[in-house]
Amino acid sequence: MAEATSPAQKAPKKASSLSTSSSETGPATDAGMTMASSRIDNDDGENVPDYQIVAAIDFGTTFSGYAYSFASNKQAIHVNKNWGQTQGFLLHKTPTCLLLKSDGQFDAFGFEAVSKYNELTEEEACAYYYFDRFKMKLYNNKELTTDVTIEDANGKSQKAVDVFSLSLTFMKKHLLRAIGAHLGYDPHPDTVRWVLTVPAIWDENAKQFMREAAHKGGLIEKPNSEQLVIALEPEAASLHCRNLPATDFVGYKDSSGAGKPSFEPGTKYLVVDAGGGTIDCVAHKIRKDGRIRELFRATGGAWGGTIIDRQFQNLLEDIFGEEFMSSFQKEFPKDYVEFLQDFEIKKRGECESIRVSLPYNFCNYTHGGVSVQQAIKTFAAREKERNEGAEGASAGADVKFSAGKLVLSSAKVSALFKDALDQINQHVQSLLQKPKCKDMNSVFLVGGFAECGRLQTSLRERFGERVTILVPEEASLSVVKGAVAFGHDPSAICQRICRFTYGVGSYLPFEDGVHREDLRVNSDGMDLVKHIFQTWAEAGEVIGHNEIWRETYTPIINNQKGIIFEFFRSTNKKVQYTDEEGVEKCGFLVVEMPDPTGGRERAVDLEVTFGGTEIKVVGYDHTSSTRHETYIDFLST
């Protein structure tokens, strides 16, 4: 596999270096030599095709939804408010649940999938595929490819890209029907710009995976189409919240005058996007021109609402035993899913205690001669004995069985929330202590988990004297509404902080006393050093929207048919070699050079854009005068 070069300097400077292959000799498509000057072009214009409609899909871990608006009235953002209507709900989002038939074909999504699955007999359920909460499969997955599989509720597998693409196909069709009903006619597919939201802390391979799924799901004709924009969830929420009137925040409905939040140029604020799977944080400052700049790179972790769900599952295993719960899940998978879904809904409520409905089959289930009621009584007695005399111990049982429900006391519910809230509070505190947050006065709390009263109370109690915690009235819709605004104007986020140091692997002419002797190789009589990390952008660097790095490369073999560029990244700012600790290969691309005329004198230009939500590349072969726009392949590293 070949590597490629790029001068580390950003200012115009003559440089001589050689592209490499990771082997010491290479095939026809291999590496190249560069005699190039590099520079940065700042292009503040956003050359966006004239789309009549922007349609955004917020594909969440637990719930999903969409929104859209028309170019003729960008501010009027429409959302579907009737999810679950046939099941007795009227909600803005639908569960991220997919039901497939036994042959893997689509059956249902969202509330309909949940309802259909719950109505199946246990025998019928085993023949179907039921997927939920599968988005987190993409988080921090270094081995992610389009061939990766995920398991359903019954332990059966399907390709993840098929699960995602079928879900997106459903959302696309539902959204287009809504637009058609609004307009009175079906919009032409080419007039719609699609926006998909992803966590800001996701890696590039997960973003590319979503593009592949969108392509397979029929949103776009080719994976690299500019008709699809990837929006970072906390950035989208930022665009939405900073334009909200004060009365649209919880607690400010009847407020007037003093104390109202305002977001004039120069204002700094933190966005905490609390979703089902991840907590995503960005710090922004409003510029004089109204656009937004990032103050430091996006941060966060897997501390979303599903952590509490896992704690609840751990509690169930403590009460009933691992074998009990495992056996019940295998024998009654749909009842097990229904059980967890009821807890998911109840945990968002305002009640101190929680009453979780137990499915009929669970109430009558025995394992090892122990019934559900017996197990709960034994656990409660054990807990009471262990907490006897402990400070703050409750007088009654923290867990009990009552009228077919599992009742959890306020203290037990608080214990389930503790780990997630502690991690979120610690992370927010670490961000507010940064020098760039010194004069920050506001924190936007958004996302589905943000609607949980315990999370709001926890942040206000911890930071209320330092900052104002602002929760939009419809916190779960902040991301998808902001994604529509982002689709109309991606340049609204005008400056970002680079998360990693990015570069390409290269060969350079070997210099005694400068380069490592163990990396010295000879190619066609030239002494070279391999595994050079040629830096494109450094971690922590401020990068403007549409900033472009340009380099020119020439082949090192006369009949070379193309150049393979291998891309690397590191959290370290200064990197010299690609084999250093902390450096990882993150992708590659190939620029074809089909015409061998000119041998080593041929040239290829490479343009890399880091200022958007994705890394974009354009390669240009001078000899054949072909321009090839692509995205680095992050899924085949």
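Start by selecting Glu233, Pro234, Glu235, Ala236, Ala237, Ser238, Leu239, His240 and Cys241: these are the buried residues of helix α5. Buried here means under 20% relative accessible area, while exposed means over 50% and partly exposed lies in between (1.4 Å probe, protein chains only). Helices are DSSP runs of H or I with at least four residues, strands are runs of E with at least two, and both are numbered from the N terminus. Because 9 of the 9 residues of α5 (residues 233-241) are buried, this helix is largely enclosed by the rest of the structure.

Before moving on, note that this is a predicted model, in which local features need pLDDT of at least 70 and side-chain atom pairs count only at pLDDT 80 or more, while totals for chains, interfaces and linings use all residues. Residues are numbered from 1 along each chain as its sequence is written, and side-chain values use heavy atoms, with hydrogens and water left out.

**Zoom out**

Show the whole protein, which has 13 helices and 36 strands. Of its 637 residues, 55% count as buried. The protein exposes about 27,000 Å², and carbon and sulfur atoms supply 47% of that area (Shrake-Rupley method, 1.4 Å probe; for residues, only the protein chains shown count as cover). Among contacts between residues at least 6 apart in sequence, 70% join residues at least 24 apart; contact means heavy atoms within 4.5 Å.

**Two helix pairs**

Two packed helices are described by the angle between their axes and the distance between the axes. The axes are lines fitted to C-alpha atoms, for helices over the stretch in contact, and angles run from 0 to 180 degrees between N-to-C directions.

Select residues 160-183 (helix α3) and 204-216 (helix α4), which pack at an angle of about 60° with their axes 8 Å apart. That makes α3 oblique to α4; angles under 35 degrees count as roughly parallel, over 145 as roughly antiparallel, 65 to 115 as roughly perpendicular, and the rest as oblique. On the α3 side, show Ala160, Val161, Asp162, Phe164, Ser165 and Leu168; their partners on α4 are Phe209, Met210, Glu212, Ala213, Ala214 and Lys216. These contact residues divide into 8 nonpolar, 1 polar and 3 charged (Ala, Val, Leu, Ile, Met, Phe, Trp, Tyr, Cys and Pro are nonpolar; Asp, Glu, Lys and Arg are charged; the others, Gly among them, are polar).

Next, select helix α1 (residues 111-119) with helix α8 (residues 333-346), where the angle is about 135° and the axes are 8 Å apart. This makes α1 oblique to α8. Val114, Tyr117 and Asn118 of α1 meet Pro333, Lys334, Val337, Glu338 and Gln341 of α8, a contact with 4 nonpolar, 2 polar and 2 charged residues.

**A strand residue**

Now find Gln158 in strand β13 (residues 157-159). Is Gln158 buried or exposed? Gln158 is buried, with a relative accessible area of 17%. Leaving aside neighbours within four places in sequence, display its contacts: Leu100, Gly104, Tyr129, Phe131, Val148, Thr149, Ile150 and Val163.

**Two loops to finish**

Most residues other than glycine have a negative phi. Asn140, not a glycine, has a positive phi of about 55°; look for Asn140 in the loop between β11 (129-132) and β12 (149-151). At 47% relative accessibility, Asn140 counts as partly exposed.
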